[in-house]
2 protein chains.
Amino acid sequence: MSKQHLVILQPSGRRGHVDEGISLREAARQLGVEIESICAENATCGKCKVVIEEGTFERYGITSKREHLSGPSAEEADYFRRRPKMMAANNWEMGQVRLSCQARVLGNVLVQVPEESRGNKQIVRKSATQREIEIKPSIRKYLVEMTPPDLEKPIADWERLSRGLEITMSVVQRGEENLPKAADLTIDYQCLRGLANAIREGNWRVTVTVWQDKEVIRVQPGYVEKSYGAAVDIGSTTIALYLCDLETGEILAAESEMNPQIVYGEDVMSRIQYAISEPDGLKKQHKAVINILNQLLKQAVKTANQSHREEGDSPTRRSPVERGESREEEIATPASQARNDISTEDILEIVFVGNTTMHHLLLNLPPDHLGRSPFVPTVHKAVDVKARELGLQINLSAYVHVLPTIASFIGADTSGVLIAEEPHKQDENWLIIDVGTNAELVLGNRHGLVCTSTPTGPALEGAHIEYGMRAAPGAIERVEIDDATLEPRYKIIGEEEWNSPKGDTAGKAKGICGSAIIDAVSEMFRAGIIDSRGRFRRGLSTTRVRDGENGPEYVVAWAGETSIGRDIPISLKDIRQIQLAKGALYVAARTLLKSAGLERPDKLILAGGFGSYIDKTKAMIIGLIPDLPLENVYAVGNAAGDGARIALLNVEKRREAGEVARMVRRYELPADPEFQDQFMLAMNFPHMTEPFPHIAHLIPHQEVDPIAKKLARKS
Amino acid sequence: MSKQHLVILQPSGRRGHVDEGISLREAARQLGVEIESICAENATCGKCKVVIEEGTFERYGITSKREHLSGPSAEEADYFRRRPKMMAANNWEMGQVRLSCQARVLGNVLVQVPEESRGNKQIVRKSATQREIEIKPSIRKYLVEMTPPDLEKPIADWERLSRGLEITMSVVQRGEENLPKAADLTIDYQCLRGLANAIREGNWRVTVTVWQDKEVIRVQPGYVEKSYGAAVDIGSTTIALYLCDLETGEILAAESEMNPQIVYGEDVMSRIQYAISEPDGLKKQHKAVINILNQLLKQAVKTANQSHREEGDSPTRRSPVERGESREEEIATPASQARNDISTEDILEIVFVGNTTMHHLLLNLPPDHLGRSPFVPTVHKAVDVKARELGLQINLSAYVHVLPTIASFIGADTSGVLIAEEPHKQDENWLIIDVGTNAELVLGNRHGLVCTSTPTGPALEGAHIEYGMRAAPGAIERVEIDDATLEPRYKIIGEEEWNSPKGDTAGKAKGICGSAIIDAVSEMFRAGIIDSRGRFRRGLSTTRVRDGENGPEYVVAWAGETSIGRDIPISLKDIRQIQLAKGALYVAARTLLKSAGLERPDKLILAGGFGSYIDKTKAMIIGLIPDLPLENVYAVGNAAGDGARIALLNVEKRREAGEVARMVRRYELPADPEFQDQFMLAMNFPHMTEPFPHIAHLIPHQEVDPIAKKLARKS
């Protein structure tokens, strides 16, 4: 047995004895701490920096000295010498900071592993549960150094590169299984075209981007650190795009835009119809989404570069030496050094989620059969396709990954929600409702998941409501109504203060958004302005209830309080829209629960932007969501979009998405008359045949509807 | 042990006992005879037809009866009933011809397996050796029948198809190893786009084309039998394209055209230079070759359709029923049935060969480093790329396969020659010379191969010769000169007869092509018109030798015998061109042989169209090829093109090409002055420092050049 020494790693506290002579990076691996590296341990990439703590640390039982490591090689010394600013900024002395791939253990050492040197980086997802997601993107960079060819060995560029890459990968990934062989590596054709020049520009030293550890998709001269990707949620109404740093997981820009397909139809059925019946109906809708995506990508890159500059650390204003970079690299890659701004060329993968119709329109697949029985998509499993095939203007060799679809009306967005929320890992039964123009519902736990979907219409997003608008500045977002006076108070997006009970307000209202509509209807019911069937009560002592153009209405804001110069009322017609939406949602949830033999879920997860803004209590009062203890209701925001981002950052979550998507059982809502009765009944406030213990005390005017009673007896 | 019966298969004569109840197709497999099938033994594709011989065959010791097989199922009976013409044409009775996947062995049977039903079909390649090449293209078709989806199982189209395909593949390929699983199958994105419609048009019965047993590249409604591919040899001067039936290996059309890149430079060096120095120089040359390829592809399809019609069996003139096809298929695929003509859409793969520069220009790879030391190509190994990436207008999902390159000046054409000729499988030492604008030479046997290349210039192809022209009608292709009178006889392409010694000729000469230039120079040397250094002798008693504009010349045809109204002479300048070409070729061959320690090869293989037309004796007289017994010299025609076709038809030969290409050692011709002396010397007729025992007796005027003597002493 060879001589051993004690190595302690901070901040993890991992400790243990390792053989003399192994590198600190290897020692750390043996002690369970991964240290980054993208070069083949050649003292080049500098990603494996560690700091040696010197002195006697009685608490740890160790005396640690820099002499307990082999001295820096010429290459290592050179690396640090050429980065004086970095050394100064961190207060590092030569010899105190080391490249762990070079420093060999000759005695006991206590080592600090800085955050940026740590491998297996993670992002944290906060949701119903808090989880850490390891950063393990499908895109990985490797620094490859090659011996230049000569007349003796004039082997071709690709063969030379793939052998070098095999070596770097085996060193960087040491310990991982199924390391790719040079012979199994492939290179994207468009990338091959630029290979000869990139290699020579980099003087036989290049940064190689590999997709899924098998296909080379980018070769850049010299050492280039960062890689970027995008996660996109294509909603029927809104498209949200997140530009991410694939190393840190950081969101560099979040952009969103209306889905321009809306001109071809508001909901998925009309877009399917448009694709079927209009000439080039599919092509037009496909192009529309591709065009807006290209705009969003450009915008995201611009935003990221701006905020980078505003942080004052723009590398464009600093010389390469100031940036702590080597002259050699400066010479090797003048262009990329001159501007360190991101360009769309640097985006190397996009992960998409969206409902199955959006999925088909994005991929230019005919959606014809999504809307007719038996409702069959073209493909379930995740699609990997070159971005260039879709006309997306990012790196020419980049891939697009679209998460799996589950059914015609349960799409890749639900796959995203599933890997973000992980109901398939829970013991408890979770009901997840993703509310958009359609609502998708998933119920279950680790033993099984069942899903269904129901059209809720656009009312919950503020559309098809007379004075409805998107959640944007000027929109009323909260409404309360006084039981006694029946006078409202409201809050406007962009204003700090609620308006006073007297009606004077800090800002002017432009309209009313989804969350405020729920609030208003709920409060009108609670205050007794409308009855449990949504009808206006007669003879109330308020001027706010009146007969409007669309029948009776309740005025939330008078013309003088608005920026549109007109009263903003909630009409009977508006209330009916909410009733239809909440009825559909409620009966879908109830039916799904019933099919699983459950009275209520253990937890209710509201996904979608909408869920984040509604008042859970008020939503429960009108029966928009099933009754359960309020502390078990979670609003998790855009979980589908989060799922896309998680899949972008962790390739294993894609496999998981495929597995969960296959595991989910589809539940078709029945089409029988009895079900229709249930649906009619569910339009009432709240569903009177079911007990609502958790909110019953909040409804003073609660009554039992005679029709509800009758139906309850029947069922 | 279950009951067994004797099965004899003709014409192979294979015989043996098999278990009762197994299908005839399975029985044949057990006896080592593969029978075709592309449906999952569903009595649908009809490819496995066999004929039952009835009677007592004492010679074989068998009494064979149709009753010794299970009776036809309803499906099988239906299959034959719907093809009355086919039955009549072959003189088949119902029950006598059977689908071998359906007929089960119940007693002894003697079975005829018709040629078209046999699996493992072969093509024969005649060359230095005669070889059979199994037809095993990378493209394979399968007939897949699916259960239509319903509300219970609304599984997506791709998942449905891939499961069905897995089943068909496992039945069709039973016995083969590594059968693909549905989960491992992929589908080309462009093919996925048409999937939903194709499946429904085919009423859940489709013909699926799979590339390399892993990627679906075409889905056609119903049952579609044929698949087509193309093999292309891109020469610096000429592009040759062969349209092939991928089932039979038959060449349906052979088209050729001048390489339009010739306007950018005659030889590879000038094209490389053009790509480097001209704006868009690469792009222009790439587009030029792609455009001509698209024209050739269209032309080949047209030719194939025309000759198909001329054979009188055009399906377009016969009703589907006459064609022996089912009404069901007629209904399922009206469009494809209406015209059975091939379209470029039906071309599902193209295999390319060409020198490394042509390879790079085809693939739009910068050829910059091919022409400068250390002469490095971008890639050695075979490239598979979607035809659409190159702009080739064939099936949108089709692949292009480009054979491997060996070095900067030993290209994919040599890889093609190698798999066509197989020197790596020989015990004898073969020298293969592929003559074009450049000559590539490969020497060796199963223990090793060494290669080199040398520019020979265009003279051997009739260019840079005053009255030179391509081998086309009107070109003089053969020349003989009478020793005594010094009068020539010649033969013109397109004419049956040689002209008479008096000069009257059946046709009129337009010029002189490569083979006749060799003839003329050789004959002029043999007849003593020129000396061993190529100089015209003085004082010959013939008016045919005279002083022309370019110095002395010998008139092969007088103006009156030509269609150009001018004398056609061979000038001293022309002779110098031939001397340069033959000197380069000879010294390359000699140096390669010397490097391998060989005096001469056991066999000399002349590849390239040129080799097929030259007179071997005359070529040896002038020292164009090394001296060896004439019976060991083989002209094998366009072996590179044959190699492309072989790789198109047999996917295993592609693997072999990769292996051989890696095994070939590159030999660089030295650049030292001594080598230059050798080259100067080799310009003589024949090389005087070497013995030429096999043709010495044919050269009456042979003499030893004093310089040659001197050099011979030196070396």
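How many residues of chain B are in contact with chain A, and with how many residues of chain A? In this predicted model, 38 residues of chain B are in contact with 39 residues of chain A, where contact means heavy atoms within 4.5 Å. Residues are numbered from 1 along each chain as its sequence is written, and chains are lettered from A, with ligands numbered from 1, in the order in which they are written. Local features need pLDDT of at least 70 and side-chain atom pairs count only at pLDDT 80 or more, whereas totals for chains, interfaces and linings use all residues; side-chain values use heavy atoms, with hydrogens and water left out.

The model scores ipTM 0.86 and pTM 0.86. For chain A the mean pLDDT is 87, and 90% of the residues reach 70 or more; pLDDT is the predictor's confidence in each residue, from 0 to 100. Over residues 313-339 of chain A, pLDDT stays under 50, and the model has 40 contacts beyond four places in sequence for these residues. Where pLDDT is low, the predicted coordinates should not be read in detail.

Chain A contains 20 helices and 31 strands, which are DSSP runs numbered from the N terminus (helices H or I, at least four residues; strands E, at least two). The C-alpha trace of chain A spans about 95 × 65 × 50 Å along its principal axes. Of its 715 residues, 59% count as buried, a class defined by under 20% relative accessible area, with exposed meaning over 50% and partly exposed in between (1.4 Å probe, protein chains only). Among contacts in chain A with a separation of 6 or more, 66% join residues 24 or more positions apart.

The interface between chain B and chain A buries about 3,600 Å², of which carbon and sulfur atoms give 57%; buried area is the accessible area (1.4 Å probe) that two parts lose on being put together, summed over both. On the chain B side, P154(B), Y189(B) and E389(B) lose the most area to chain A, together 16% of what that side buries. The two chains are also joined by 2 salt bridges, each being a side-chain nitrogen of Lys or Arg within 4 Å of a carboxyl oxygen of Asp or Glu. R388(A) and E389(B) form a salt bridge through their side chains (2.5 Å, N to O).

Within chain B, helix 6 (residues 268-277) has V268(B), R271(B), I272(B), Y274(B) and A275(B) buried. Seen down the helix axis, the buried residues of helix 6 of chain B fall within an arc of 160 degrees, so they line one face of the helix; the arc is that of the directions from the helix axis to the C-beta atoms. Their cover includes helix 7 (281-310), helix 10 (356-362) and strand 21 (438-445) of chain B.

In chain A, E466(A) occupies the loop between strand 22 (448-455) and strand 23 (475-481) and is partly exposed at 38% relative accessibility. Leaving aside neighbours within four places in sequence, E466(A) is in contact with N550(A), S571(A) and D574(A). In chain B, S571(B) belongs to strand 28 (residues 568-571) and is buried, at 1% relative accessibility. With the neighbours within four places in sequence left aside, the contacts of S571(B) include E466(B) and N550(B).
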